[in-house]
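Please keep the sequence and the structure open while reading.

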Amino acid sequence: MTRHTETPLRAIPLSLEVLTLEVVAIPLLEHFRSAIGERSQRRALFVRWTDRDGCWGIGECSCRPDPYFNGEFLEGAVCVLRDHLFPRLAARGSVGELTESVRRVRGWNFTVSALLDAAFDLIRRKGHPDPLQRWRSPGSRRVPVGISLPLFDAPEQAVQRVGRALEAGYRRVKLKVSPAMKASTAEAVRAAFPSLHLGLDANGSLGPSDYALIERLADLRPRLFEQPFAPDRIDWSAELKRRRPDLRVCLDESIGGLGDLIVAHRMQALDELNLKPGRVGGVQEAVALVEYCESRQIPVWVGGMFETGVGRMANLRLAARLPGAEAHDLSPSRRYFAVDVVERRLEMDEGGCVRLEDEDPVTLDEARLEDLRVERIELMKNP
C-alpha cells in the first residue's frame with residue numbers, strides 16, 4: 001500500500017458511492033445491570049463508506065438503543081444519518097468538506113463520529129495517515145485495561161466477581177453504583193481486597209439526597225468516583241469536591257466537548273476525565289480534549305461502551321497514544337461477547353494489557369456480520 005504523507009488531511013480527496021447502515025444484535029455473555037438499566041445484548045450500528053473506487057471504511061456508533069444514557073439512541077441515529085447527514089455528503093469532495101458539512105448537525109456526537117470514523121478508516125486503507133497518525137506516534141503497543149462490573153444483588157456476589165476479574169489480570173476494577181444499591185456491597189469488596197485499584201461509577205444517577213450513601217462510598221478510598229450526578233449538574237460535582245476534597249471525581253457524561261471540559265475544570269468539578277471519542281464528536285475533537293488535559297495536568301483515559309471489535313479498535317488506537325494512563329476502561333470484546341464481527345479479536349495478556357501488534361484496519365468477518373444483522377440500509381449517491 002502506497003503511503004501518502006504530504007497531502008494535508010483537509011485536502012485528501014474523498015468520493016462516495018454507497019453509505020451502508022448496518023444494525024447487528026450480539027448477545028452478551030452475562031446480563032449487565034447499571035443505574036441506566038439492564039441489557040442482555042448489544043445492538044450495534046455500523047456505518048460503511050464505499051467510494052467510487054470500490055474501497056470502503058467502517059465506523060461504529062456507540063449509542064444505546066434507548067435515550068437513557070444520553071439523548072442519542074439507535075433508531076434516531078439511523079434517522080440522522082439517512083435523512084440529515086447523507087443528503088449533505090458530496091459524491092466527490094474532500095475530507096475538509098466532509099468535516100465542515102457535518103458541523104450542521106448538533107447534539108448527535110456518537111452518530112457524527114461513526115460517519116467520520118468510516119471516512120478516516122477509508123483514507124487510511126488507501127494509504128493516507130488519519131488524524132491519530134498525524135497527531136503523535138502510537139506510543140505503547142501494550143495498553144493497560146480495566147473492567148467495569150455491574151450492580152450486584154449481594155455482597156458475596158460482588159466479591160466473587162471481583163476476585164475473578166483480578167485473576168484474569170485486570171489492572172483496575174470499577175463497580176457500578178446507584179441510589180438503590182447497598183453500600184455494604186462496595187464495603188465488602190474493599191474489605192476483601194484492601195489494596196484494590198477500585199473505581200465507582202454512578203452513571204449520573206445520584207443527587208444531593210444521596211449524600212449519606214456518597215459519604216460511605218467515599219470512605220472506601222476509591223481511586224475515582226465517576227459521574228456521580230446528572231450530566232447537566234456540573235455544579236453538584238463542584239459542591240461534592242468542596243465537601244470531600246479527598247474524593248477523586250471523574251466526569252464522563254458531562255463532557256460532550258471541549259467547552260464542557262473547560263467549564264468543569266474552571267469550576268474545579270473534576271479531577272480526571274473518562275474520554276469517549278464518540279461522545280465528543282470523533283477523534284479530532286478527542287485530540288483537542290487530550291491536549292487540554294495534558295496542559296492542565298488532568299489525568300485522562302479512554303472509556304468504552306460495549307463496542308464490538310470495530311469500535312474497540314478505534315478506541316484502543318487513541319488509548320495507545322496516552323501511555324501515562326494507569327488503565328483504560330477497554331476490556332477486550334471477548335469479555336462481553338462470545339462472537340464478534342472482526343476476524344482477529346483483541347486479546348488481553350497476563351499483565352492486564354491488550355496488545356496492539358499493528359494498526360492495520362480491522363478485517364470484518366462478513367459471514368458472521370450477516371448472521372448477526374437485523375437491518376441493512378444502502379444509501380446510493382448519484383455522481
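The model is predicted. It holds 4 cavities of 30 Å³ or more, and the largest cavity has about 410 Å³ of space. The largest pocket has about 390 Å³, and the second largest pocket has a volume of about 330 Å³. The largest nonpolar core has 122 residues.

**Largest cavity**

- About 410 Å³ of space lies in the largest cavity. Its lining has 29 residues, and those closest to the centre are Asp-117, Val-310, Gly-311, Ala-314 and Asn-315.
- Strand S4 (56–61), helix H3 (109–125), helix H4 (131–135) and helix H11 (309–319) are the elements that give two or more residues to this lining.
- By class, the lining of the largest cavity divides into 13 nonpolar, 7 polar and 9 charged residues.

**Largest pocket**

- The space in the largest pocket is about 390 Å³. The pocket is lined by 18 residues, of which Arg-103, Val-112, Val-280, Gly-281 and Glu-285 are the closest to its centre.
- Helix H2 (95–102), H3 and H10 are the elements that each give two or more residues to the lining of the largest pocket. H3 gives the most, with 3 residues.
- The lining of the largest pocket has 6 nonpolar, 8 polar and 4 charged residues.

**Second largest pocket**

- The second largest pocket is lined by 19 residues. Met-313, Arg-344, Arg-345, Leu-346 and Asp-358 lie nearest its centre.
- H11 supplies the largest share of this lining, 3 residues.
- The lining of the second largest pocket has 6 nonpolar, 3 polar and 10 charged residues.

- In soluble globular proteins, nonpolar side chains tend to be buried together.
- Within the largest nonpolar core, of 122 residues, Leu-19, Trp-49 and Leu-115 have the most contacts. The largest share of this core, 10 residues, comes from H3.
- With residues up to four places away in sequence left out, Leu-19 touches Val-47, Arg-48, Trp-49, Phe-86, Leu-89, Leu-115, Ile-377, Glu-378 and Leu-379.

**Helix H11**

- H11 is largely enclosed by the rest of the structure, because 10 of its 11 residues are buried.
- The buried residues of H11 are Gly-309, Val-310, Gly-311, Arg-312, Met-313, Asn-315, Leu-316, Arg-317, Leu-318 and Ala-319.
- Val-310, Gly-311 and Asn-315 are also among the residues closest to the centre of the largest cavity, and Met-313 is one of those nearest the centre of the second largest pocket.

**Helices H7 and H8**

- In helix H7 (211–218), the buried residues are Tyr-211, Leu-213, Ile-214, Leu-217 and Ala-218. Seen down the axis of H7, these buried residues fall within an arc of 155 degrees, so they line one face of the helix.
- The buried residues of H7 are covered by elements that include helix H6 (183–192), strand S9 (198–201), S10 and H8.
- In helix H8 (residues 234–243), the buried residues are Ile-234, Ser-237, Ala-238, Leu-240 and Lys-241. They fall within an arc of 160 degrees when seen down the axis of H8, so they line one face of the helix.
- H7, strand S11 (249–251) and helix H9 (258–266) are what the buried residues of H8 pack against.

**Single residues**

- Which residue in the loop between strand S10 (224–226) and H8 deserves a look? Gln-227 is placed there. Its phi is near 40 degrees, a positive value in a residue other than glycine. Gln-227 counts as buried because its relative accessibility is 0%, and the cut-off for buried is under 20%.
- Gln-297 lies in the loop between helix H10 (283–295) and strand S13 (300–302). Its phi is near 55 degrees, again a positive value in a residue other than glycine. Gln-297 is exposed, with a relative accessible area of 67%.
- Asp-121 lies in helix H3 and, at 7% relative accessibility, counts as buried. Leaving aside neighbours within four places in sequence, Asp-121 is in contact with Gly-57, Ile-58 and Pro-361.

Note on methods: Residues numbered from 1 in each chain as written. Predicted model: local features only at pLDDT ≥ 70, side-chain atom pairs only at ≥ 80, totals over all residues. Heavy atoms only, no water. 1 Å grid on protein atoms, 1.4 Å probe; cavity = no way out; pocket = protein on both sides within 12 Å on 5 of 7 lines; lining within 4 Å. Points joined across faces, edges and corners; volume = space filled by probe spheres on them. Helix = DSSP H or I, 4+ residues; strand = E, 2+ residues; numbered from the N terminus. Nonpolar A, V, L, I, M, F, W, Y, C, P; charged D, E, K, R; others polar. Buried < 20%, exposed > 50% of the residue type's maximum accessible area, 1.4 Å probe, protein only. Arc of directions from axis to C-beta. Contact = heavy atoms within 4.5 Å. Core = buried A, V, L, I, M, F, W, Y, C linked by side-chain atoms within 4.5 Å.
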